[in-house]
Amino acid sequence: MSEESGGATADPQAPAAEERAETLDGWPIIETPLESWGTRCEELKEDGMSLLANLTAVHFLDDGKMQLVAHLFAVDEHGRYEAGETRDGTEHRGKIEIKTTFEDRPDVTVASVSHLWPAAEWYEREVYDMFGLRFDGNPDLRRILMEEGYDAHPLRKDFEDCKPNLGVSAEVLRKDAASNR
Amino acid sequence: MIISPETEKLEDGTKFLELSMGPQHPSTHGVLRLAVRLVGEVVVDCKVDIGYLHRSFEKFAETWEYPKLAPFVDRNDYLAGVLNEHAYCLAAEKLLEISVPERAEFIRVIMAELNRIGSHLIWFGTFALDLGATTPFLWSFEQRERIYDLNEVVSGGRIFPQFFRLGGVRNDFPDSFFPMVEKVLDGVRRSVDEYHTILSGNPIFKARTQGIGVISAAEALAFGCTGPMLRGSGIPYDVRKADPYSVYDRFDFRVPTGEKGDVWDRYKVRLEEIVESIGIVRQALKMYPRKGAILGKLPRRLKPPPRAEVYGHVESPRGDLGCYLVSDGTDQPYRLKWRAPSFSNLQAVQRIAPGLMVADLVAVVGSIDIVLGEVDR
């Protein structure tokens with residue numbers, strides 16, 4: 001059950017070691033710069049990563065970084081994970097995590113991977129909805145969970161908690177509460 | 001259903017009608033809206049609109065301590081509560097280096113499989129109802145009620161057991177559980193045969209499901225479909241086999257698959273899975289150690305390594321259910337992402353729908369077994 005694995009965390013002081021990092025449960029992590037996100041994903045798809053299980057983002061407020069994370073499985077036709085090696089020499093047991101970390105700026109766009117895995121279309125919409133990241137090449141980049149016209153991106157760490165946003169301004173709600181007292 | 005007043009034209013000049021299925025319609029299994037474009041009775045385009053049940057679970061999770069979150073995840077997939085807890089506990093236990101006693105693993109597997117049976121029974125009933133057959137619904141809910149009785153005897157909760165804890169489970173099986181579970185399993189096993197008699201042999205049911213809503217294996221995989229949706233298309237991908245967690249590697253069970261990937265195949269796969277799950281529970285009850293701890297040791301202070309990340313996943317009744325945790329070294333998750341199988345499965349409807357009749361679209365949506373609670377989170 002408890003599998004020991006070294007190099008569990010990506011130590012910010014050692015960028016060289018970050019290249020071959022692992023998650024706590026022993027998945028290889030591939031770090032890639034933002035510019036090569038699309039091409040790296042395409043290579044991984046060609047290397048047999050057939051299932052895009054998850055694509056999401058993490059906002060690190062302290063160092064002003066945004067991180068895009070995808071979890072890929074190499075599912076073969078027998079329904080098993082196919083162990084192998086990617087073209088850059090990362091050995092894996094059918095599961096890979098790929099991520100890219102970049103400056104959190106409003107003008108950043110990321111290459112969409114929805115042409116590789118159609119599953120990415122909704123995942124990217126969710127990332128756009130929750131973090132405000134734009135994807136270049138997504139055919140239908142709209143909000144998915146929040147309503148159209150909503151003006152914040154709730155999973156960002158600088159999101160103001162409990163900000164009333166029901167088409168009613170905070171002032172109206174406050175007045176309303178005061179008159180009910 | 002609301003029929004929009006304006007009838008517009010496609011690019012080639014054909015007039016189409018825009019129809020909004022849902023958000024509140026029995027066939028949408030919750031609050032789901034399908035914006036469908038019709039030419040005559042044929043669907044030419046379908047856009048799925050979700051988010052009506054969004055409860056900002058992932059944001060909430062960032063403000064709760066790890067142990068307190070375990071009961072809360074039940075609410076995502078409300079038809080299979082403990083399977084959500086299982087996915088969350090797997091991830092959090094890896095992150096916090098908590099080990100689970102063997103006995104607790106068996107209790108977890110038994111509860112998880114019972115909930116899988118319960119979830120498939122609900123699906124069977126509502127799916128038949130979607131196609132206009134009322135009796136199977138009443139029959140399957142009778143058996144589902146027995147499963148919920150078991151949940152109640154063990155945990156006190158029927159729909160939301162809130163039973164798993166980090167490091168094990170909350171309490172042991174009471175003595176009354178064992179004779180009861182035998183009876184329930186026998187009852188469900190008999191009922192599955194009855195279901196085959198009442199529905200599987202019915203020519204109308206066959207006509208409504210066979211060859212309808214086909215998705216190929218390659219496409220299903222590309223759309224991120226998992227669970228019976230992918231297995232119906234012929235790929236026997238099951239997390240319990242591909243990436244065995246808990247004690248699933250000790251049981252002998254089959255992964256049923258379909259051939260064509262139509263509604264019928266998904267129906268057959270689920271009914272066969274009920275039988276397989278009964279088998280797993282019976283094996284687990286035999287191997288279940290009657291003595292031993294049910295809760296592992298929890299550290300006094302929860303201190304996960306900072307910037308560590310972990311992805312735990314289980315096979316839920318709907319597919320590959322994942323939980324991605326990122327820690328910042330405190331006792332609360334920095335980020336939690338819930339990988340809901342229904343989310344990806346539902347997206348594939350947009351691909352399957354064009355070319356179908358409206359009535360068949362209802363069958364397709366029913367065959368996917370969506371739970372909007374986990375789609376919208």
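**Reading the labels on chains A and B**

Reader: Why is B:Arg307 called partly exposed?

Author: B:Arg307 has a relative accessible area of 36%, and buried means under 20%, exposed over 50% and partly exposed in between (1.4 Å probe, protein chains only); 36% falls in the middle class, so B:Arg307 is partly exposed. This is a predicted model, in which local features need pLDDT of at least 70, side-chain atom pairs count only at pLDDT 80 or more, and totals for chains, interfaces and linings use all residues, while side-chain values use heavy atoms, with hydrogens and water left out. Residues are numbered from 1 along each chain as its sequence is written, and chains are lettered from A and ligands numbered from 1 in the order in which they are written.

Reader: What makes the backbone of B:Arg307 worth a remark, and where does this residue lie?

Author: Its phi is near 55 degrees, a positive value in a residue other than glycine, and B:Arg307 sits in the loop between α11 (263-287) and β7 (309-316) of chain B. Helices (H or I, at least four residues) and strands (E, at least two) are DSSP runs, numbered from the N terminus. B:Asp369 has a phi near 60 degrees, again positive in a residue other than glycine, and is found in the loop between α14 (358-368) and α15 (372-376) of chain B.

Reader: Is B:Asp369 buried or exposed, and how do you know?

Author: The relative accessible area of B:Asp369 is 5%, which is under the 20% limit, and therefore B:Asp369 counts as buried.

Reader: What makes the radius of gyration of chain B agree with that of a compact globule?

Author: The radius is taken over C-alpha atoms, and the globule rule is 2.2 Å times the number of residues to the power 0.38; for 377 residues this gives a value near 21 Å, and chain B has 21 Å, so the two agree. The C-alpha atoms of chain B fill a box of roughly 70 × 50 × 35 Å along the principal axes, its elements are 15 helices and nine strands, and buried residues make up 61% of the chain.

Reader: Why is A:Ala119 called buried, and which residues does it contact?

Author: With a relative accessible area of 0%, A:Ala119 is under the limit for burial and is therefore buried. It lies in the loop between β7 (109-111) and α3 (120-131) of chain A. Leaving aside neighbours within four places in sequence, A:Ala119 is in contact (heavy atoms within 4.5 Å) with A:Leu52 and, from chain B, with B:Ala222, B:Phe223, B:Gly224 and B:Gln347.

Reader: What is the make-up of chain A, and how many of its residues count as buried?

Author: Chain A has four helices and eight strands, in the order α-β-α-β-β-β-β-β-β-α-β-α along the sequence. Of its 181 residues, 48% count as buried.
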